[in-house]
Amino acid sequence: MPLFDSKKLLILAGPCSLENEKVVRSVAEKLISIRAKYPELNLVFKGSFDKANRTSIAGGRGTGLEEGLALHALVKKDYGLPCVTDVHDASQCAPVAEVCDVLQIPAYLCRQTDLLLAAAATGKTVNVKKGQFLSPNDMVHVVGKLKHGGAAEIWQCERGATFGYNNLVVDMRGFPIMAKNGYPVILDATHSVQLPGAGGGKSGGQREFVPTLSFAALAAGADGLFLETHPDPDNALSDGPNMVPLDELEALLAKCLAFWKLARSA
């Protein structure tokens with residue numbers, strides 16, 4: 001049964017890097033609370049067991065595969081939420097697919113053919129992030145590889161394009177362009193406000209612009225949003241400057257849902 005439902009706003013939400021059970025439970029409890037109030041949201045728990053592309057060797061990466069999958073299994077068992085996590089090489093796809101509902105291809109790896117084919121072969125949904133170096137038109141070839149591999153369900157994720165040094169920009173034309181490929185298009189609203197490498201050995205970010213980009217993308221036709229959140233972003237293991245504080249998530253999603261409905265009523 002497909003995870004994507006065109007009658008609901010798709011939301012992938014969770015901490016950037018999986019840290020510990022306390023953070024995971026805090027986020028999962030908030031998500032199911034929000035889901036109960038807003039049934040038109042299709043919520044998926046997101047957490048990375050490894051962030052393999054940190055700016056510096058000192059950058060926090062996560063729990064590792066075994067512990068990370070155990071945390072995802074906990075989320076599914078105790079909270080009934082589907083889960084998504086990143087895969088970085090083909091060997092990770094099969095074990096991740098035993099637990100998670102969605103395999104995510106990081107933006108830097110979106111052209112890695114063997115990884116795409118291995119993710120597709122699991123029979124799980126694949127969320128592929130458009131590389132910062134790709135145009136929206138190039139995503140037809142990425143999707144083509146996943147189709148060739150027999151992917152059951154494909155989501156396309158915009159996360160901004162490189163704009164000079166240490167900056168990204170989101171081209172809103174990309175949403176209708178990628179939609180022509182015939183698969184849902186999502187905005188990674190938190191990584192799109194990232195300032196890559198601008199934090200002195202780590203990335204900076206401008207979380208204050210997450211709502212702006214989210215509303216604009218939904219108006220432009222996006223089917224969903226990817227939003228990283230944390231109870232204490234300023235002390236998170238990674239990507240704190242661009243994450244939404246957990247206590248602000250519900251208010252943001254309520255507004256996003258209103259924009260999504262308005263865009264579809266026009």
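Q: What makes a residue of this protein count as buried, and what percentage of the 266 residues do so?
A: Buried means under 20% relative accessible area, exposed over 50% and partly exposed in between, with a 1.4 Å probe and protein chains only; by that cut-off, 52% of the 266 residues of the protein count as buried. The model is predicted, so to speak of local features requires pLDDT of at least 70 and side-chain atom pairs count only at pLDDT 80 or more, while totals for chains, interfaces and linings use all residues. Residues are numbered from 1 along each chain as its sequence is written, and side-chain values use heavy atoms, with hydrogens and water left out.

Q: How many helices and strands does the protein have?
A: Counting DSSP runs (H or I of at least four residues for helices, E of at least two for strands, numbered from the N terminus), the protein has eight helices and 13 strands.

Q: Why is the protein called as compact as a globular protein of its length?
A: The globule rule is 2.2 Å times the number of residues to the power 0.38, and the radius of gyration is taken over C-alpha atoms; the protein has a radius of 17 Å, close to the 18 Å that the rule gives for 266 residues, so it is as compact as a globular protein of that length.

Q: How do you know that the buried residues of H5 line one face of the helix?
A: In helix H5 (residues 139–148) the buried residues are Met-139, Val-142, Val-143 and Leu-146. Taking the directions from the helix axis to the C-beta atoms, these residues fall within an arc of 95 degrees, so they line one face of H5. The face turned away from that buried side carries the exposed residues His-141 and His-148.
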